[in-house]
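Please take the sequence and the 3D structure together and follow the account below with both in view.

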Amino acid sequence: MKGEGKTVMKSKIKWVGLVGLVLSAFSLFVHLFLARFTEDGIAEYQSSITIFSWRPVFENAEFPRTSPLYRRLWSPVRRLESLHPDANPRVHYADPKPQSNGFVFVRIQGGFHEIRNSIGDVVAVARLLNATLVIPEIQSTTSSKGISSQFKSFAYLYNEDQFMAALAKDVKVVKTLPKDLKGARRKKKIPSFKVSRSASPYFYLHQVLPVLNKHSVVELVVSDGGCLQAILPAHLEEYQRLRCRVAFHALQFRQDVRELATKILHRLRAPGRPFIAYDPGMTRDALAYYGCAELFQDVHTELIQHKRAPMIKRGIVKGKLSVDSFEQRLNGSCPLMAEEVGILLRAYGYSWDTIIYVSGGEVFGGQRTLIPLHAMFENVVDRTSLSAAWELARIYGREVNLVDKYPTTPPSFVEDKKLKAWKDAGPRPRPLPPPPARPKYPHNIEGWWGWVAESDNEPESTVMELRTNAHKLLWDAIDYTICVEADVFFPGFDHDGKGKPSFSSLVMGHRLYQSASSKTFRPDRKQVVKLLEENREHMYQANRTWLTSVRRHLRRSLIDGLKEASAKSKPLSFLSHPVPECSCMRYDNQTETSLHASSPSTQTQIEGALGVKHRCPKWMDGEQMSGSKDREIEEDPDEDVSSSLGLFFKHSGGNSENAGGEVNKEEAQLEDQEELESAEK
């Protein structure tokens, strides 16, 4: 009996232990499940299970935000803090008429920045014609085979419902044409216009509008990054503000794309440090257009020349095939190389552990081009190092599996049979047949490394390449969001393969509209190359005079670059410089008093550089501007310049406080002189 009692007791203990284990496992599963799908815990959960390639490395854990050095490197530009966005109508602005003149259907062809530019123009044209706008069709996605069927054209990149709701008071927007007009479009029975980038309002009112009134529908084909001239007459200024409302408010990316961009932005800011966004702008099209082939080596030069040749045939480029690339570089017509950007940032004072986010869907030359930048800065990251593969795959949707026409492994070598004619030939001895041709393996042919040597004609894009082109739109959307929100933005190049403002220009225009005081360097490439050539022999051990010159140029570019953008970029793309039409001036009582007193330099600089005279609405006056004391010394260079003398090396060495102090006094005098000069202007 005692033995049976012990057995029963042991079995009960086993069952209790088993139940406890099951409950513990269930509790752990519920905890992970809730953490996975709860909004508050999803970021922490995913960051804990995702292994990223980036592990930040910093010299000092503490990062003082009150030091003069921090203010000089990261703080907003004091002279632009009174500039604020204001894209609301300023005169009588009627709602769209209930009875429109017809439908405007638009097909947009091009890359990310061309699509974004064109959509703003299309909405303005629809308002001008009093027409109902059909949500534009984006050719870069609809013509790409193999992408997810759950996204169609516009919805592949942007939020359709948000777009329609935000423009309800500006223009009537519908998702599709009526059935009868849709059938007529399939049969190509509706009038179509292929419009140029610089089409004038006169063209639409006198050529397109009569056709629209007659047929109730017109189709516009936009392929040049826009369909309306950038600078409109003074009486159409409200259409400029409409462009701003479209680009900066109505155009929002798909929700899942925005969520991923926000996650990457949070991971960038997780270490508690500010970061620089750098867009290289080194695309193959831009390098071919400006003739910068010789800046590269070997097959990369040939690849650029292959792209330039058809540009010349089509009339996109006017000039010879072979261009002196070094002369183009000295003229400021070529992108700044990653090494040059790294040197400029180190010379300005950014330390080796600064976080730099590299944007752009394509960096010509690949990661090899970015090696010098990685050597000078430890924390160089991009989209792929801050996200997992499954996160990127999720925004693509459910895509079909594409079967590659080439096998993944080289085919086995099979000896050719002897020719029948050789078998039936005359008496022996006779010569052997020619050996079979050396087999051409697919991995030696597919891609640019194969066709450059095989043919003068570039092969047609494969289905996988078309899918990648569609994915680039989503990558650019993520990079665009991060660049706009970055603490500092540095463009390597601001023109595309057609000589027009590019991705970087749109980012700088958005930053100028949204937060004009955020640090956005706009260096004069011609002057920068001149400075770099002056110190070519001692680039990584620069003297103090050269460092002072570089810092002065970059500091001046924060304001002077705006003047250059207003003169050069704005006539080509309004969104690259949406000021003064979409901005207003606001200042507190203390600033207003000083402006009416003896120091009108701040307002004079803004009005002189940007032409902003419109006073912000009164409801903005209640907001307090940031501390004036900090702003007064924001640009005081209270830093030992000798800390940047060894630009290439991670750690700065040597105690040179006295020498650095002398240079600091010299820089302070230069800044005072700049303030006086700008006030006089």
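In this predicted model, helix α4 passes helix α8 in a right-handed crossing. Two packed helices are described by the angle between their axes and the distance between the axes; for α4 (residues 112-129) and α8 (residues 201-215), that angle is about 65 degrees and the axes are 10 Å apart. On the α4 side the contact is made by V125, L128 and L129, which meet P201, Y204, L205, V208, L209 and L212 of α8. Sorted by class, the residues of this contact comprise nine nonpolar ones, with no polar and no charged residues.

If neighbours within four places in sequence are left aside, I478 is in contact with V257, L260, A261, I264, Y357, R383, L392 and I395.

The side chain of E238 reaches the backbone nitrogen of R90 at 3.0 Å, and, apart from neighbours within four places in sequence, E238 is in contact with P89, R90, V91 and Y93.

The last part of the tour concerns the backbone. Most residues other than glycine have a negative phi, and most peptide bonds are trans. Against that background, N130, which is not a glycine, has a positive phi of about 55 degrees, and its place is in the loop between α4 and β3 (132-134). S153, likewise a residue other than glycine, has a positive phi near 50 degrees and lies in the loop between α5 (139-142) and α6 (160-166). With a relative accessible area of 10%, S153 is buried. As for the peptide bonds, the one from V579 to P580 is cis, with omega near 10 degrees, and P580 is found in the loop between α23 (544-568) and β13 (583-585).

Key. Residues numbered from 1 in each chain as written. Predicted model: local features only at pLDDT ≥ 70, side-chain atom pairs only at ≥ 80, totals over all residues. Heavy atoms only, no water. Polar contact = N/O pair within 3.5 Å; in protein donor to acceptor, adjacent residues only side chain to side chain. Contact = heavy atoms within 4.5 Å. Axes fitted to C-alpha atoms, helices over the stretch in contact; angles between N-to-C directions. Helix = DSSP H or I, 4+ residues; strand = E, 2+ residues; numbered from the N terminus. Left-handed = near helix turned anticlockwise from the far one by under 90°. Nonpolar A, V, L, I, M, F, W, Y, C, P; charged D, E, K, R; others polar. Buried < 20%, exposed > 50% of the residue type's maximum accessible area, 1.4 Å probe, protein only.
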